[in-house]
Amino acid sequence: MRILILGGSVEATRLAESLAREPSYITVLSLAGRTRNPVLPPVAYRIGGFGGVAGLSAYLEREAIDVVVNATHPFAQQISANARASCEHTGVPLLTLTRPPWTAQPGDRWLECEDARTAALAIGERPRRVFLTIGRLQLPAFALAPQHEYLIRMIDLPDRAPDLPHHEILLARGPFTLAGELQLIDHRHIEVLVTKNSGGAATSAKLEAARQRGIQVIAIRQPAKETDRCFYDVSELLCYLKRRAEPGKLRHEPHN
Ligand code: NAP
């Protein structure tokens, strides 16, 4: 069975590691090429865009892919839409491997927002010290709220400096510890955390730290991903693939 994993997430790396131990699968992991020093997988990989829906559809046909696993980050919307359209066009099943979003616990001060723009405005008029953990792509939205003091954590520097008069960039890659997050909140006198609701364990310590310090959390909701079937667990996805290991079978039974 020939599997294309659309990657760029912890889940994609875990799936690639598991499939590398299964000789009956030919696996290719695809990375967008955004991260400057990506963690490389133990399976074949390719880096860079496909060239939209047409490019991805042509790739699926040329490489005779039997199943696509969309294991991109929950907020990777364009590639997810492209995968849906290409799989529909070529008849290749599309599975999704992802993680459940974080949920507020009783007593948490959470505000959920649709997008980065709404989150920026939700911080309020009064200047506040904001811990911003939304990656670099959605930073421009925060130019709508330039009065705040931003501590921006990201993996790589943005191509252009953020258009924010009061900001500091902190380059760091998770996982992060609770002790580290508490220290950061205390030392920087953080008043509000703005985050994408990415789910997963690697970056969830900031939520527990915000909880312990009674800090407001503004969380940007995960967009929906269209898929034939969604998995939150690598081993469940592997079982599903094994049950349908005969080439071509997945094409006819995507919902079973
Ligand atoms: P996006 O907006 O959904 O995709 C933009 C374009 O990048 C796609 O149209 C595609 O180009 C290319 N692309 C994206 N993922 C790809 C993949 N796995 N393999 C090949 N091409 C890919 O994506 P994004 O939000 O910029 O995220 C880019 C990558 O970073 C994703 O792989 C994602 O898993 C990872 N990531 C994203 C976030 C986030 O918050 N968005 C956070 C952490 C990691 P073509 O149209 O040319 O095919």
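This is a predicted model: local features need pLDDT of at least 70, side-chain atom pairs count only at pLDDT 80 or more; totals for chains, interfaces and linings use all residues.

Me: Leaving aside neighbours within four places in sequence, which residues is Arg99 in contact with?
Reply: Start from where Arg99 sits: the loop between strand 5 (94–97) and strand 6 (110–113). Neighbours within four places in sequence are left aside. The contacts are then Ser9, Val10, Glu11, His73, Pro74, Ser198, Gly199, Gly200, Gln222 and Tyr232.

Me: Is Arg99 buried or exposed?
Reply: The relative accessible area of Arg99 is 10%. The cut-off for buried is under 20%. Arg99 is therefore buried.

Me: Which side chain makes a polar contact of 2.9 Å with that of Arg99?
Reply: Two partners need separating. The side-chain partner, at 2.9 Å, is Glu11.

Me: Turn to the ligand. Which residue has a polar side-chain atom 2.2 Å from a ligand oxygen?
Reply: Gly8 has a backbone N or O atom 3.3 Å from a ligand oxygen. Arg34 places a polar side-chain atom 3.0 Å from an oxygen of the ligand. At 2.2 Å, the residue is Lys196.

Me: How much of the ligand's area does the protein bury?
Reply: Taken alone, the ligand exposes 810 Å². The share buried by the protein is 79%.

Me: Which element gives the most residues to the shell around the ligand?
Reply: The shell has 23 residues. Strand 2 (26–31) and helix 3 (77–90) are the elements giving two or more. With four residues, the top contributor is helix 3.

Key
Residues are numbered from 1 along each chain as its sequence is written. Side-chain values use heavy atoms; hydrogens and water are left out. Buried means under 20% relative accessible area, exposed over 50%, partly exposed in between (1.4 Å probe, protein chains only). A polar contact is a pair of N or O atoms within 3.5 Å; within protein, one must be able to donate a hydrogen and the other to accept it, and residues adjacent in sequence count only if both atoms are side-chain atoms. Contact means heavy atoms within 4.5 Å. A residue is near a molecule or strand if one of its heavy atoms lies within 4 Å of it. Accessible areas come from the Shrake-Rupley method with a 1.4 Å probe; for residues, only the protein chains shown count as cover.
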